[in-house]
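Subject: Structure handover and notes

Hello,

Please find the structure below, with the sequence beside it.

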Amino acid sequence: MSAISASEKVDGFTRKSMRKAQKQRKSQGSSQYRTQSAPVELSPLPQLKDAPSTEQQELFTQKLQQCCMLFDFLDSVTDLKSKEIKRATLNELVDYVSTNRGVLVESTYPEITNMICTNIFRTLPPSDNPDFDPEEDEPTLEASWPHVQLVYEFLLRFLENPDFQPSIAKRHIDQKFVLQLLELFDSEDPRERDFLKTILHRIYGKFLGLRAFIRKQINNIFLRFIYETEHFNGVAELLEILGSIINGFALPLKAEHKQFLMKVLIPLHTAKALALFHAQLAYCVVQFLEKDPTLTEPVIRGLLKFWPKTCSQKEVMFLGEIEEILDVIEPTQFKKIQEPLFKQISKCVANPHFQVAERALYFWNNEYILSLIEENIDKVLPIMFGSLYRISKEHWNPTIVALVYNVLKTLMEMNCTLFDELTSSYKADRQREKKKEQERDELWKKLDELRLSDSTLVQNNSHGLPGVQNNNNNNNNNNNNSNNNDNRDKSAEAAVTTENKDPDDSVAASESSPSAK
Amino acid sequence: MAGADGDDSLYPIAVLIDELRNEDVQLRLNSIKKLSTIALALGVERTRTELLPFLTDTIYDEDEVLLALAEQLGNFTMLVGGPEYVHCLLPPLESLATVEETVVRDKAVESLRKISQEHSPVDLEVHFEPLVKRLASGDWFTSRTSACGLFSVCYPRVSSTVKAEIRQHFRTLCADDTPMVRRAAASKLGEFSKVLELDYLKSDIISLFTALASDEQDSVRLLAVEACVSIATLLPQEDLETLVMPTLRQAAEDKSWRVRYMVADKFSELQKAVGPEITKNDLVPAFQNLLKDCEAEVRAAAANKVKEFCENLPEDSREQIIMTHILPCVKELVSDTNQHVKSALASVIMGLSTILGKDNTIEHLLPLFLAQLKDECPEVRLNIISNLDCVNEVIGIRQLSQSLLPAIVELAEDAKWRVRLAIIEYMPLLAGQLGVEFFDEKLNTLCMAWLIDHVYAIREAATCNLMKLVEKFGAEWAQNTIVPKVLGMANDPNYLHRMTTLFCINALSEACGQDITTKQMLPVVLKMSTDQVANVRFNVAKSLQKIGPVLDSNALQTEVKPVLEKLATDTDMDVKYFAQEAISVLALA
């Protein structure tokens with residue numbers, strides 16, 4: 001008992017950072033499932049550069065075959081000699097294909113791809129850490145990296161060799177190859193994903209016949225990530241590739257690409273781990289909008305649909321993306337979405353989380369956005385006014401309050417008359433809202449009562465058709481009502497302020513002084 | 001306006017439909033959740049002619065609202081006029097079944113499955129089946145995914161031509177281009193097999209099963225393993241070898257650990273489905289391989305199944321198979337490098353003793369138990385201890401007691417309070433098996449030490465533990481061993497310990513009976529009513545309320561009542577409150 005400190009005893013849950021500190025060692029993983037029986041000891045072959053040119057080809061093939069031998073890297077003491085021979089050979093092979101011309105004859109392609117497939121294609125091991133958090137935890141590194149890295153290097157040099165012929169290679173670098181390559185993007189090891197990114201990009205560039213397939217499979221990976229597993233380590237890397245692919249799309253955009261934007265990229269915003277790939281994702285989205293501005297409206301509506309409800313960190317990212325979009329938006333498109341967009345922004349500036357509010361208020365530092373707002377001030381100001389006015393008095397954070405005053409000032413300068421009107425009607429508006437709320441409550445209460453006596457109702461209602469008309473009538477009626485309310489409100493106002501001691505009203509009355517300062 | 005002259009109902013309804021369009025999501029959600037109320041008020045006809053078309057056409061909404069809608073519609077049959085009209089619900093559900101968000105889609109499919117049962121066979125063919133077909137041939141993968149879940153509910157009740165069409169659709173989806181759809185089809189393969197005629201099972205399903213089990217994506221292959229259980233159960237024994245086993249063998253050796261994990265996870269079900277002969281010839285070696293798998297995840301899943309697998313082996317050869325094939329693997333797992341594997345094994349290994357009998361247990365299993373009791377990982381030790389009852393039945397716990405004690409002591413002092421909590425919970429069980437003497441000698445001090453643990457949850461559990469022990473060993477034992485110690489803590493300088501005395505008294509009074517409670521406990525409680533810490537004082541009030549029913553009325557009136565009355569005038573408002581509560585509960589006022 002003495003070995004355990006009292007504090008440890010009290011709190012059995014050690015903090016995550018502490019746990020990590022204890023686990024300083026880098027964890028390593030690897031998975032090769034009974035691909036072969038125990039490795040045979042390798043014996044060194046002569047150097048390629050020393051061999052006569054007639055025998056070089058044969059020796060090259062032998063070396064490729066030698067490199068198909070796989071070793072267990074989780075066991076760091078076995079086969080040391082053979083591991084070293086393979087490493088040296090791989091190094092030599094990398095050097096050979098990157099510096100020599102004329103070495104890629106047709107007959108070597110199968111050997112080369114076979115060596116690559118044997119080494120890199122494997123089922124990724126289960127994560128060491130079942131609740132691996134890519135933002136917090138150290139990734140599990142690939143144990144066999146000393147070899148795998150060289151094989152990736154070799155593949156890259158192979159693809160980049162001036163003699164490389166896609167027409168021959170396409171027999172080996174086919175759909176199946178690409179599919180396995182894509183699955184490796186789930187690797188926890190960032191070094192591996194980085195290689196894969198470059199390699200896939202090269203393949204996309206060189207194999208025209210595989211492009212549609214690659215895009216489709218990336219689609220599937222993303223959809224699975226969004227709707228099924230919520231787990232895939234390589235989303236950022238794949239998005240980075242897509243960013244440059246989208247850049248190269250021809251105009252007008254194909255329906256397939258638009259569908260990808262709306263059905264895959266926008267829903268990707270819902271991911272819990274958005275922070276890991278948001279920059280790349282926003283880049284892709286903006287690329288699309290620069291290509292085709294008419295997509296702006298559906299994209300922004302999509303973002304509004306998936307707007308984070310509880311995660312402030314994500315909300316800040318969304319706001320950042322909206323700003324990026326607004327930076328490239330066309331004024332005609334802006335008009336189409338200003339209403340729903342500014343309703344959201346007005347909620348954001350009133351957010352109790354100061355980072356969200358601050359991020360939204362920063363929009364007013366952006367010259368271009370400011371000019372768009374000014375152009376549409378008669379639409380934007382009424383939407384924004386309520387929130388701004390309220391938080392200028394209520395927000396807990398002084399920085400936010402200061403920012404809000406600046407924004408209010410800017411807006412006031414844009415349209416002074418409208419601003420004054422809104423200021424004077426603010427109180428009445430708030431009361432009208434409250435009244436509406438009450439009416440709603442009463443409606444539901446009424447309805448619940450109706451439910452109790454539903455048996456009689458069913459009979460009453462049997463005169464079907466008039467319902468629809470009623471519907472409209474009532475809507476009109478409602479409008480009328482609310483107009484009428486205006487009149488009534490004024491008489492009610494005095495009563496409310498005295499009787500209810502409505503907190504908003506008292507705040508509004510007593511706190512006009514700070515705004516004067 | 002109609003509403004103005006007497007028909008009060010129409011006015012709110014119209015506004016409610018308006019509410020379904022409200023800007024605020026929360027309000028829309030509220031309205032949707034009360035959709036049945038709206039429908040009820042509208043009546044069946046207007047629900048069919050106005051509400052449902054409105055829902056189908058105008059609702060493009062947030063997933064949360066759609067989810068609520070999908071759920072509501074599953075219970076709408078009576079609200080549209082009963083089974084005769086149930087098909088009116090299909091259009092909105094159909095569009096919900098094509099939504100991207102999985103939870104919405106799944107809920108829509110669930111509701112569709114529910115209302116499919118309410119369709120008459122004719123309606124099923126006229127309305128429901130065409131919907132399934134439309135979904136199955138939808139452009140976007142979501143509708144095809146949803147279709148997979150609907151085949152099995154309509155298949156049994158349609159004509160043979162329609163059946164043929166359904167089979168064809170299912171075949172197509174099993175070979176769909178999109179892995180998501182193939183996954184959905186693979187996950188419904190077992191369910192669909194169950195409603196198919198045996199001939200079609202053999203001709204259609206087997207080939208689909210084989211294809212899915214060798215899909216290029218492991219996420220599809222592993223779902224075929226699940227289907228394997230249902231298919232093997234449905235097929236006659238003589239067909240299993242040719243139709244199922246090649247695929248199953250392949251799955252057990254799959255290069256993806258996820259597939260092998262699935263095989264390990266479903267091993268008991270598979271074993272039952274294929275029967276004893278195949279088990280002996282095929283599954284035993286497969287199981288050995290899984291226990292020796294290179295991935296810890298797979299080994300752990302297999303280790304979890306050791307007991308069940310052995311239990312279900314054919315009796316004639318059970319012991320021999322276990323001793324020669326399974327036990328050697330189990331021995332290796334005891335010293336596995338991965339703690340999850342060891343702890344999975346520890347949770348079942350004790351179960352083997354009942355299967356193997358006394359002699360084998362002593363000779364072969366006991367060393368393993370002992371090794372696991374000394375494992376560095378507390379979870380392993382805990383799992384062994386928590387299953388001691390199995391061994392107790394076979395060889396008696398004495399064999400283990402020498403090793404048990406250090407293990408228990410160490411767990412009792414583990415740094416993690418959850419581990420300490422877990423071992424406390426096994427104390428009554430251990431006490432029962434080890435007997436009162438052993439307990440008094442070795443474990444009693446531990447039980448008392450827990451009462452002054454730093455963590456409240458442990459002190460609470462320790463209190464509860466004492467009660468169970470008293471129930472087991474009797475009041476006399478309590479009086480001699482634990483009551484004096486508990487009461488001694490009433491003078492502890494730490495008020496938390498003083499309160500523990502009160503909590504123990506609360507727990508023990510009933511088990512100890514009136515005599516001990518009145519003579520020994522009550523005086524201590526009453527004395528504590530003058531404690532300087534208010535928390536102690538109001539707990540005195542609570543304790544008195546608790547032990548009151550055990551006391552006789554004389555003690556209540558003469559001793560308890562004056563103290564409570566005094567506490568009721570305490571300066572602390574909580575003390576006052578609880579004292580008054582006690583007075584009224586004990587009817588002393």
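Which residue lies over the face of Tyr389(A)? That residue is Lys393(A), which sits 4.9 Å from the ring centre. Chain B has an arrangement of this kind too: the charged end of Lys542(B) is placed over the ring of Phe578(B), at 4.8 Å from its centre.

Confidence

Please keep in mind that this is a predicted model. Its scores are ipTM 0.75 and pTM 0.78. For chain B the average pLDDT is 87, and 96% of the residues reach at least 70. Among the elements of chain B, the highest mean pLDDT, 94, belongs to helix H9 (residues 141–148) of chain B, and the lowest, 64, to helix H1 (residues 10–19) of chain B. Residues 1–8 of chain B have pLDDT under 50 throughout. For that stretch the model has 12 contacts beyond four places in sequence.

Chain A in outline

Chain A contains 25 helices and 2 strands. It has 517 residues, and 47% of them count as buried. Taking the contacts in chain A with a separation of 6 or more, 77% are between residues 24 or more positions apart.

Nonpolar cores

How many residues does the largest nonpolar core have? The count is 361, and the residues with the most contacts inside this core are Ile203(A), Phe222(A) and Leu564(B). Helix H31 (residues 495–527) of chain B supplies the largest share of the core, 12 residues. Another core lies apart from it and has 6 residues, including Met69(A), Phe71(A), Ile85(A) and Ala143(A).

Neighbours within four places in sequence aside, Leu564(B) touches Ala541(B), Leu544(B), Ala579(B), Ala582(B), Ile583(B), Leu586(B) and Leu588(B).

Aromatic pairs

There are 34 aromatic pairs over all chains. One of them joins Tyr109(A) and Phe158(A) edge-to-face, with 5.5 Å from centre to centre and 65° between the planes. This pair links distant parts of the chain, 49 residues apart: Tyr109(A) is in helix H5 (residues 108–120) of chain A, and Phe158(A) is in helix H6 (residues 145–160) of chain A. Tyr109(A) has a relative accessible area of 0% and so is buried. Phe158(A) is buried as well, at 1% relative accessibility. The two rings also belong to a cluster, in which ring pairs link Tyr109(A), Phe158(A), Phe164(A) and Phe207(A).

In chain B, Tyr155(B) and Phe192(B) form an edge-to-face pair, 5.6 Å centre to centre with 75° between the planes. Tyr155(B) is in the loop between helix H10 (151–154) and helix H11 (160–174) of chain B, while Phe192(B) is in helix H12 (residues 179–195) of chain B, so the pair ties together parts 37 residues apart in sequence. Tyr155(B) and Phe192(B) are both buried.

Cysteines

Cys154(B) is buried at 0% relative accessibility, and Cys174(B) is buried at 5%.

Ser82(A) is in helix H4 (residues 80–99) of chain A. Is Ser82(A) buried or exposed? Its relative accessible area is 2%, so Ser82(A) counts as buried. Beyond four places in sequence, Ser82(A) touches Val40(A), Glu41(A), Leu42(A) and Phe71(A).

Arg537(B) is in helix H32 (residues 534–547) of chain B. With 12% relative accessibility, Arg537(B) also counts as buried. Leaving out neighbours within four places in sequence, its contacts are Met528(B), Ser529(B), Asp531(B), Gln532(B), Leu567(B), Asp570(B), Asp572(B) and Val575(B). Between Arg537(B) and Ala462(B), which are 75 residues apart along the chain, the C-alpha separation is 22 Å.

Regards

Technical notes:
Residues numbered from 1 in each chain as written. Chains lettered and ligands numbered in written order. Predicted model: local features only at pLDDT ≥ 70, side-chain atom pairs only at ≥ 80, totals over all residues. Heavy atoms only, no water. Buried < 20%, exposed > 50% of the residue type's maximum accessible area, 1.4 Å probe, protein only. pLDDT = per-residue confidence, 0-100. Helix = DSSP H or I, 4+ residues; strand = E, 2+ residues; numbered from the N terminus. Contact = heavy atoms within 4.5 Å. Core = buried A, V, L, I, M, F, W, Y, C linked by side-chain atoms within 4.5 Å. Phe/Tyr/Trp six-rings, centres within 6.5 Å; stacked < 30°, edge-to-face > 60°. Lys NZ or Arg CZ within 6 Å of the ring centre and 35° of its normal.
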